[in-house]
Structure formats: structure tokens, C-alpha cells
Amino acid sequence: MLSLDAPLLIFTDLDGTLLDSHTYDWQPAAAWLARLREKNIPLILCSSKTAAEMLHIQKLLGLQGLPLIAENGAVVELDSRWQTHPDFPRQIAGASQAEISAVINKLRTRSSFKFTTFDDVDESTIAEWTGLTHAQASLTRLHEASVTLIWRDSDERMADFARQLNDLGLQFVHGARFWHVLD
């Protein structure tokens, strides 16, 4: 059986796991976070959220300096002790947010797909959709290697959109509340 005295490394999702899906409250996990910190057990956050959002959450949780996995794995923030690593502070896998955005906007124009990206709206709209503060909503717009969107078309058209993305080497992934396009 595992023990907190064994060498451990813990990875956790955020929404609906470490954070309440609707309120983003992390207080129910506070005692465990303190126990992990006492035992020097690293807690690696993993999410579809942007690195900027996750760095903010790390600070709130007292996890600064640890690595994190953002944008569904497209962005990896390296441990603060790895400053000599050539990719420090973060590695980005595949296409950039700008490249992905160009592809999906081309598909939207060519095939009249109906969706709204976080780039199409302002922070106030994102705050309304998510329940985040305006400042937190501004962090959600700082994608580096993915695009977040709300699908507003039929299921059949969604399947066609996903197929076209796949043909171009991109993935269409459903998160807790939104869809994400990444390499």
C-alpha cells in the first residue's frame, strides 16, 4: 500500500477534481495540500486551462515553481529548478495558437461552421460564460497552443469539422465545459 512517506509524484486535473467545477473553490482540498507540502510530494496540475491561468492557481495553492501541464498537454511549464533547460520556462508541442486559429477560421469561412472561440469575444463575455472574474477571464485568452470554443452547429456538422481537423493533423477535444482544438 502506498504511503505519504514513499517517493510520490501526484498529477491532478483541476475542474471537478481539485477545484469545484462551478465555483473553482479549492478549500475542501486544503488539508491534503498541506499534508503533501509537509511531505515534499509534488502536485502537478493538469488542465485544458492556459499556463497563465494555471500559474495563478499554483500561486493560490502554494505550488509555485512546480511543473504543470496546460492546454490539454500542448503546453508544459517546466520546474523552476530547470532554468538551464533549453526550453525553459515552457515547452510547446505542435502548432501555435495563431496557427490553429488560422486553420479553424479558414474552415469556418469555407464550410460555414457555427462556433464561437474565446478569441471572438471579450473578457466580460468569458466571465459571464465561466463565472470567473474579469481578471481571471483575461488569463483564459492567453492560449499558446490551442483554441477554446463553443460549438453552435449540429452534431453531424461537428463530426465533419472534427474529421477535417483530423485530416489537417489537429484534434477536437471536449473538456469539462468547452471544446478545444490542438495539435
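**Charged pairs and backbone angles**

Biologist: Which describes aspartate 5, buried or exposed?

Modeller: The relative accessible area of aspartate 5 is 61%. Buried means under 20%, exposed over 50% and partly exposed in between, with a 1.4 Å probe and protein chains only. Because of its 61%, aspartate 5 is exposed.

Biologist: On what basis were such values computed, and how many salt bridges does the count give?

Modeller: The model is predicted, so local features need pLDDT of at least 70 and side-chain atom pairs count only at pLDDT 80 or more, whereas totals for chains, interfaces and linings use all residues. Residues are numbered from 1 along each chain as its sequence is written, and side-chain values use heavy atoms, with hydrogens and water left out. For a salt bridge, a side-chain nitrogen of Lys or Arg must be within 4 Å of a carboxyl oxygen of Asp or Glu. By this rule, the count is ten.

Biologist: How many residues apart in sequence are the parts tied together by aspartate 5 and lysine 39?

Modeller: The side chains of aspartate 5 and lysine 39 meet in a salt bridge at 2.8 Å, N to O. Aspartate 5 is in the segment before β1 and lysine 39 in the loop between α1 and β2, so the parts tied together are separated in sequence by 34 residues. Helices (H or I, at least four residues) and strands (E, at least two) are DSSP runs, numbered from the N terminus. The separation is therefore 34 residues.

Biologist: Which residue forms a salt bridge with lysine 49?

Modeller: The closest N and O atoms of this pair are 3.3 Å apart.

Biologist: In which helix do arginine 163 and aspartate 160 lie?

Modeller: Their side chains meet in a salt bridge of 2.6 Å, N to O. Arginine 163 is partly exposed at 44%, as is aspartate 160 at 25%. The two residues are three apart, about one turn of the helix, and both belong to α6.

Biologist: What is the relative accessible area of glutamate 71?

Modeller: Glutamate 71 is not a glycine, yet its phi is positive, at about 50°. This residue is located in the loop between β3 and β4. Glutamate 71 is buried, with a relative accessible area of 0%.

Biologist: What is the omega of the peptide bond from phenylalanine 88 to proline 89?

Modeller: Proline 89 is in the loop between β4 and β5. The bond is cis, with omega near 10°.
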